[in-house]
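The points move from strand pairing to the core, and then to the ring pairs and charged pairs.

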Amino acid sequence: MITSISDTPLPTISHFSYSILACLVPALGISVDGAMARVNSSHPEFEVTYVRFPTSTEGKLQFLGRMYSDPSYYGRLYSSIQVNYTSGEQEKVYFLREQPWLERFLTVLHPIHFGDYAGLFVQILYAIGGLMPGILSILGFVIWYYRQKPGPQRSKSATPRPVLSNAS
């Protein structure tokens, strides 16, 4: 009889099993929901969009997100709050808007490069813009190909063209 989750057999992923992966990630000494509630109460203007769990004993529980007042080109993941995964204390707060202008500029290039800002409409425009050089090269080849084909031969017309002479 299975009495807890730890008694269930673990499925394997290729050569690794979940039990091996569980050994690599340290056990959390706090509730993630409780830590998120403390982050929300201490920084109510911070929207958590991603949670990164620690991968070593020196790691931190990270809440990545953005401030509600940040412009959309800052992205959704470039501000963070780090929490100690055993005590639940906030250890480091990193808001992109408080960084020097060069760091903000370089960070803004990431979402612009990947088209990861301003919603689905901009992502569709990026996709169309990315496909456009290939489409234009194919269309250019097709137009060139059909211009190279000999068209219907024009026969010499029976009516001669009028000759303009310059009479002095």
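**Notes on the predicted model**

1. Strand E5 (residues 79-83) is largely enclosed by the rest of the structure, because five of its five residues are buried. Buried here means under 20% relative accessible area, exposed means over 50%, and partly exposed lies in between, with a 1.4 Å probe and protein chains only. Helices (H or I, at least four residues) and strands (E, at least two) are DSSP runs, numbered from the N terminus. Both faces of E5 are covered, with Ser79, Ile81 and Val83 buried on one side and Ser80 and Gln82 buried on the other.

2. A word on the basis of these values: this is a predicted model, in which local features need pLDDT of at least 70 and side-chain atom pairs count only at pLDDT 80 or more, while totals for chains, interfaces and linings use all residues. Residues are numbered from 1 along each chain as its sequence is written, and side-chain values use heavy atoms, with hydrogens and water left out.

3. Which strands pair with E5, and in what sense? Strand E4 (residues 61-67) pairs with E5 in the antiparallel sense over five bridges, and strand E6 (residues 90-94) pairs with E5 in the antiparallel sense over four bridges; two strands are said to pair if DSSP finds at least two bridges between them. Gln82 of E5 is the bridge partner of Gln62, and in E6 the bridge partner of Gln82 is Lys92. The hairpin of E5 and E6 has six residues between the strands, and in this hairpin Gly88 takes a positive phi near 85°.

4. Ser79, which is found in strand E5, counts as buried because its relative accessibility is 2%. A polar atom of the Ser79 side chain lies 3.1 Å from the backbone nitrogen of Leu96. Not counting residues up to four places away in sequence, Ser79 touches Phe46, Phe63, Leu64, Gly65, Arg66, Asp70, Tyr94, Phe95 and Leu96, where contact means heavy atoms within 4.5 Å.

5. The largest nonpolar core has 11 residues, namely Ile30, Ala35, Val39, Phe46, Leu61, Phe63, Met67, Ile81, Val83, Tyr85 and Phe95. Helix H2 (32-42), E4 and E5 each supply at least two residues of this core, and the largest share, three residues, comes from E4. A nonpolar core is a set of buried Ala, Val, Leu, Ile, Met, Phe, Trp, Tyr and Cys residues joined through side-chain atoms within 4.5 Å. In soluble globular proteins, nonpolar side chains tend to be buried together. Met67 touches Glu45, Phe46, Phe95 and Arg97, again not counting residues up to four places away in sequence.

6. The structure holds four aromatic pairs. One of them, Phe141 with Tyr145, is stacked, at 6.2 Å centre to centre and 25° between the planes; Phe141 and Tyr145 are separated by about one helical turn because they are four residues apart in helix H4 (residues 119-148). Tyr145 and Tyr146 form an edge-to-face pair, at 5.6 Å centre to centre and 75° between the planes. Rings of Phe, Tyr and Trp (its six-membered ring) pair if their centres lie within 6.5 Å, and planes under 30 degrees apart count as stacked, over 60 as edge-to-face and the rest as tilted. Tyr145 is partly exposed, with a relative accessible area of 40%, whereas Tyr146 counts as exposed at 53%. Ring pairs link Phe141, Trp144, Tyr145 and Tyr146 into a cluster.

7. How many salt bridges does a search of the whole structure find? The search finds two, a salt bridge being a side-chain nitrogen of Lys or Arg within 4 Å of a carboxyl oxygen of Asp or Glu. In one, the side chains of Arg66 and Glu47 meet at 3.6 Å, N to O; Arg66 lies in strand E4 and Glu47 in strand E3 (residues 46-52), so the pair ties together parts that are 19 residues apart in sequence. Arg66 is buried, with a relative accessible area of 16%, and Glu47 counts as partly exposed at 28%.

8. The side chains of Lys60 and Glu91 also meet in a salt bridge, at 2.8 Å, N to O. This pair links distant parts of the chain, with Lys60 in the loop between E3 and E4 and Glu91 in strand E6, 31 residues apart. Lys60 is partly exposed, with a relative accessible area of 25%, and Glu91 counts as partly exposed at 41%.

Note on methods
Polar contact = N/O pair within 3.5 Å; in protein donor to acceptor, adjacent residues only side chain to side chain.
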